[in-house]
Amino acid sequence: MFKFPAYAQLEVTDKCNLRCRHCYHFDTKQMPVSKDLSDEDTTTLINSLVAAGIYSLVITGGEPLVRPQLTLKAVDIAKSAGMSVSVNSNLLLLNSQLAEKFKDSKVNSFLVSCPASDSEMYQRVTRCGNYDRFKSKLEILLNTNISCMVNMVVTKLNCHLVRDTATEMARLGVKRFAATPASLNVEHPDFESLLDKSQTIIMLEDLKWCDEYLGLSVDSLEPLPKCFYPEWCWQKKYAFMERSCQAGRMSISVSNTGDVRPCSHNPMVYGNMFSERLDTIWEKMSPCRNKTTPDSCTQCPSVLMCNGSCRTNALAIAGEITKPDRFFVGHMASPEILYTNKIIKNDSLIVFNGKIYFRKEMGENHSIATKRGGRNLMIVNEELFNFINWLEGKLPLTFTDLKKCCQVDDSNKSFMSIMSTLLRREFIKISNQ
């Protein structure tokens with residue numbers, strides 16, 4: 001139903017100043033000759049994504065700070081178009097002047113990679129990095145007050161250091177921390193480094209500890225099968241519990257040469273933006289939306305929350321993108337905790353939550369969101385689209401007054417269902433609740 005992808009990653013370079021063992025993109029023992037485009041050609045790619053109405057752009061690489069001026073220009077163009085923009089970086093090439101320029105550009109956030117706060121382990125994982133240098137660069141970023149999350153890619157090599165690393169990040173002033181199981185590089189897989197089931201559970205328990213004892217906002221950026229998570233994971237609304245595979249479903253990755261793939265981990269190319277229109281490439285990618293969920297998952301009540309987890313991992317491990325995830329357990333009912341609706345009382349004051357972002361989609365449909373970067377994005381028909389726009393201008397109102405305006409009462413199940421959905425998706429909120 002999406003005419004174009006909603007989210008995109010843009011690789012502005014294939015060059016990197018590190019040689020991380022877990023890199024999902026390259027064989028870092030023998031880096032390929034760079035195929036970077038000119039700044040002008042890369043700008044053409046950015047403008048094509050702007051024209052498609054992309055909601056959120058992640059600028060990545062390689063290491064995007066290898067090309068700092070181009071990365072800044074990409075941020076400026078995307079922000080001017082109303083996109084949410086994040087930069088993925090190891091930070092080692094950052095300096096105070098560059099950090100201030102990113103602050104002035106109003107970049108939304110940085111995703112910062114740090115495999116360990118232990119100097120020996122940091123060097124061992126990155127092969128050529130220096131933790132003390134990283135720490136000084138992180139302090140520069142934090143001093144600018146640019147929002148950031150530190151992501152620790154976890155393998156068997158460093159899995160015992162999650163709590164130590166998170167503790168050090170919290171001491172430095174980091175507020176958001178992710179521990180993410182390493183993905184396999186499809187073309188150069190390192191099976192021995194992968195976490196097993198018990199190590200992955202321990203990593204999740206480490207994140208719980210980071211939340212409870214360090215006060216960190218925690219996440220894990222690789223979607224796992226929903227049936228794999230321990231019961232305690234469902235008792236709190238952890239960010240990682242809401243993740244599902246969106247590769248080719250809502251998002252794409254665009255390489256530094258213009259090749260379009262479902263995600264940065266997936267080597268399958270569906271077209272090139274210099275020779276084909278993006279909507280044509282997106283249509284060619286339709287099997288990602290229709291034919292990649294494993295047969296063992298299709299009848300699961302929770303399939304729409306999960307999509308079978310990361311499909312590229314299945315491709316790397318099992319050789320087929322439609323195979324079940326290695327952590328697949330079995331069908332599970334959607335936990336009731338996710339669907340516990342807040343009760344809207346007649347005297348509740350209903351407030352519109354955020355600002356409307358929208359895009360015309362196929363037929364009479366629109367995609368619409370009120371959160372930065374389309375984080376609560378949904379597809380709606382023309383009637384519901386108009387109603388949400390009307391609400392934005394009409395609220396705040398008590399629920400009683402809103403029902404009067406709409407000439408409905410509590411017996412109107414359609415209206416009550418819509419309001420419940422808008423509340424759950426955080427398009428609206430109840431004041432002081």
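Helices and strands are runs assigned by DSSP and numbered from the N terminus. With these labels, Pro-396 falls in the loop between helix H12 (382-394) and strand S15 (397-398). The model described here is predicted. A cis peptide bond joins Leu-395 to Pro-396, with omega about 15°. Another cis bond links Gly-61 and Gly-62, where omega is about 15°. Gly-62 sits in the loop between strand S2 (56-60) and helix H2 (68-80).

Two loop residues have backbone angles worth a look. Arg-127 is not a glycine, yet its phi is positive, near 70°. Arg-127 belongs to the loop between helix H4 (119-126) and helix H5 (131-143). Its relative accessible area is 28%, so Arg-127 is partly exposed. Asn-145 also has a positive phi without being a glycine, here about 65°. The loop that holds Asn-145 runs between H5 and strand S5 (148-154). Asn-145 is exposed, because its relative accessible area of 67% is over the 50% cut-off.

The largest nonpolar core contains 96 residues. Leu-49, Phe-102, Phe-110, Phe-134, Met-169 and Phe-177 have the most contacts inside this core. Beyond its neighbours within four places in sequence, Phe-134 touches Asn-90, Leu-91, Leu-92, Val-112, Ser-113, Cys-114, Tyr-122 and Met-169. Another core, of 23 residues, lies apart from the largest one. Its members include Val-380, Phe-399, Leu-423 and Ile-428.

Strand S8 (residues 251-254) is covered on both faces. Ser-251 and Ser-253 are buried on one side, and Ile-252 and Val-254 are buried on the other. Strands pair through backbone hydrogen bonds, in a parallel or an antiparallel sense. Strand S1 (residues 7-11) pairs with S8 in the parallel sense, over four bridges. Within this pairing, Gln-9 has Ser-253 as its bridge partner. S8 also runs antiparallel to strand S9 (residues 259-261), joined by two bridges. Here Ser-253 stands opposite Arg-261. S8 and S9 make a hairpin with four residues between the strands. Gly-258, in the turn, has a positive phi of about 95°.

A separate topic is the sheet built from S12, S13 and S14. These three strands form an open sheet in the order S12-S13-S14, with antiparallel pairing. Strand S12 (357-360) and strand S14 (378-380) are the edge strands, and each pairs on one side only. From one strand to the next, the twist averages 30°. Strand S13 (residues 366-369) and S14 are joined by three bridges. In this pair, His-366 stands opposite Val-380.

Met-378 lies in S14. Is Met-378 buried or exposed? Met-378 has a relative accessible area of 10%, which is under the 20% cut-off, so this residue is buried. Leaving aside neighbours within four places in sequence, Met-378 contacts His-366, Ser-367, Ile-368, Ile-388, Leu-422, Arg-425 and Phe-427. Met-378 and Arg-261 are 117 residues apart along the chain, and their C-alpha atoms are separated by 23 Å.

Two helices complete the account. Helix H13 (residues 399-406) packs against helix H14 (residues 413-424) at an angle of about 130°, and their axes are 12 Å apart. This angle makes H13 oblique to H14. The crossing of the two helices is right-handed. From H13, Phe-399, Leu-402, Lys-403 and Cys-406 take part in the contact. They meet Phe-415, Met-416 and Met-419 in H14.

Definitions and conventions: Residues are numbered from 1 along each chain as its sequence is written. This is a predicted model: local features need pLDDT of at least 70, side-chain atom pairs count only at pLDDT 80 or more; totals for chains, interfaces and linings use all residues. Side-chain values use heavy atoms; hydrogens and water are left out. A nonpolar core is a set of buried Ala, Val, Leu, Ile, Met, Phe, Trp, Tyr and Cys residues joined through side-chain atoms within 4.5 Å. Buried means under 20% relative accessible area, exposed over 50%, partly exposed in between (1.4 Å probe, protein chains only). Contact means heavy atoms within 4.5 Å. Two strands pair if DSSP finds at least two bridges between them. Axes are lines fitted to C-alpha atoms, for helices over the stretch in contact, and angles run from 0 to 180 degrees between N-to-C directions. Angles under 35 degrees count as roughly parallel, over 145 as roughly antiparallel, 65 to 115 as roughly perpendicular and the rest as oblique. A crossing is left-handed if the near helix is turned anticlockwise from the far one by less than a right angle, and right-handed if clockwise.
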